[in-house]
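I opened this notebook to record what I looked up in one structure. The entries follow the order in which I worked.

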Amino acid sequence: MNTDIPKTAIIGASGFLGRYFLPAYRKIYPDCIATVKNGSVEDQHMYDLDLYKPNIAGLQLAKRHYKEALIFAAITRVNITEKEKVEVRKANVDGTFELIRQLTEEGVKPVFFSSSYVFDGKTGSYTDQSPVNPIIEYGKQKAEVEAQISAITKENFLVIRLCKIFSLVKEDKTFLDEIAGILSSGGTYRAAYDQIFCPTLVTDVIAAVSLLQSQGSTGIINVCSPEVWSRYDLAIVLARLMGVSTDKVIRASLDEIMISPRYPKNTSMISGIVLKPVSDFTPISICLEQTARHWTNQILKTNKQ
């Protein structure tokens, strides 16, 4: 992680990304301000913030010399976003716009986290400049913020587009861990051969974002591993590494698995600028091997029963 970053607040510290970014950034700024919604305020530098009615006045960011804020706060469950479009939009779009306005008025640069779901998934290999065409509500809401953030901030912003993020912590329920958990218990896993993405380790995301901040980067930037995988291929390799029969991985189309809504299929992206040498992104082979090791003992226990 690059330590030469401006003083940064974490908006949405209780979600998956926020839980990883906050301790990393507090190694640089121990008093790093963080916000949560209706959660446990664990220390004097953590505050409650409701994205439906954001109010950052109490954070006193300008007074405390904050220069940037990472915006993780959002309703990220795709099924909820699809079923409750109008209500969720009040937070993911309207509330986010208000939050960005308030940050801009404080002189704080917003760093908004978007998604590869802003693309329709027909071609893949999307660049920073590829036209967006979302087909699910979650992607539509992210795309709307992408489209308006420049005008709100007078071009002083950074949008980070992410693909499929995971960690290497056992039982964290990110997708590699989920696959391994099912296979280790003797279950079968249906995996889409036509769901294609760039799986990226969360610690690599932290390193890339801190580098972009240290460079003073602005605009919309894809942040993802250069490796492109299908969910099915990942599951097959993981099964082999775990010593599990590949018959336990059921090959299917994404259309069979996700009937509603219809997810974009190929959301692979290409970073338009060189964040780091390609070799600096953790190879997926290493991630698969480590995930398999996490679950080896579980398989042995299951086999003895």
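Which residue in β4 is the bridge partner of Ile-11? The model I consulted is predicted. In it, I found that Ile-11 has Ile-71 of β4 as its bridge partner.

**Entry on the strand pair.** I next looked up the strands concerned. Strand β1 covers residues 8–11 and strand β4 covers residues 68–71; the two pair in the parallel sense, over four bridges.

**Entry on the sheet.** I then traced the whole sheet, which is open and has seven strands with parallel pairing. I noted the order as β3-β2-β1-β4-β5-β6-β11. The edges are held by β3 (46–48) and β11 (219–223); each has a single partner strand, so one side of each is left without a neighbour in the sheet. On average, neighbouring strands are turned by 20° against each other, direction ignored. I also noted that α1 packs on this sheet, where it touches β1, β2 (34–36), β3, β4, β5 (109–115) and β6 (158–162). The direction of α1 makes about 160° with that of β1.

**Entry on the helix pair.** I turned to helix α1 (residues 16–26) and helix α6 (residues 202–215), whose axes come within 10 Å and cross at roughly 60°. That angle makes α1 oblique to α6. I recorded their crossing as right-handed.

**Entry on the helix contact.** From α1, the residues that meet α6 are Phe-16, Leu-17, Tyr-20, Phe-21, Ala-24 and Tyr-25. Their counterparts in α6 are Val-202, Val-205, Ile-206, Val-209, Ser-210 and Gln-213.

Key: Residues are numbered from 1 along each chain as its sequence is written. This is a predicted model: local features need pLDDT of at least 70, side-chain atom pairs count only at pLDDT 80 or more; totals for chains, interfaces and linings use all residues. Side-chain values use heavy atoms; hydrogens and water are left out. Axes are lines fitted to C-alpha atoms, for helices over the stretch in contact, and angles run from 0 to 180 degrees between N-to-C directions. Angles under 35 degrees count as roughly parallel, over 145 as roughly antiparallel, 65 to 115 as roughly perpendicular and the rest as oblique. A crossing is left-handed if the near helix is turned anticlockwise from the far one by less than a right angle, and right-handed if clockwise. Contact means heavy atoms within 4.5 Å. Two strands pair if DSSP finds at least two bridges between them.
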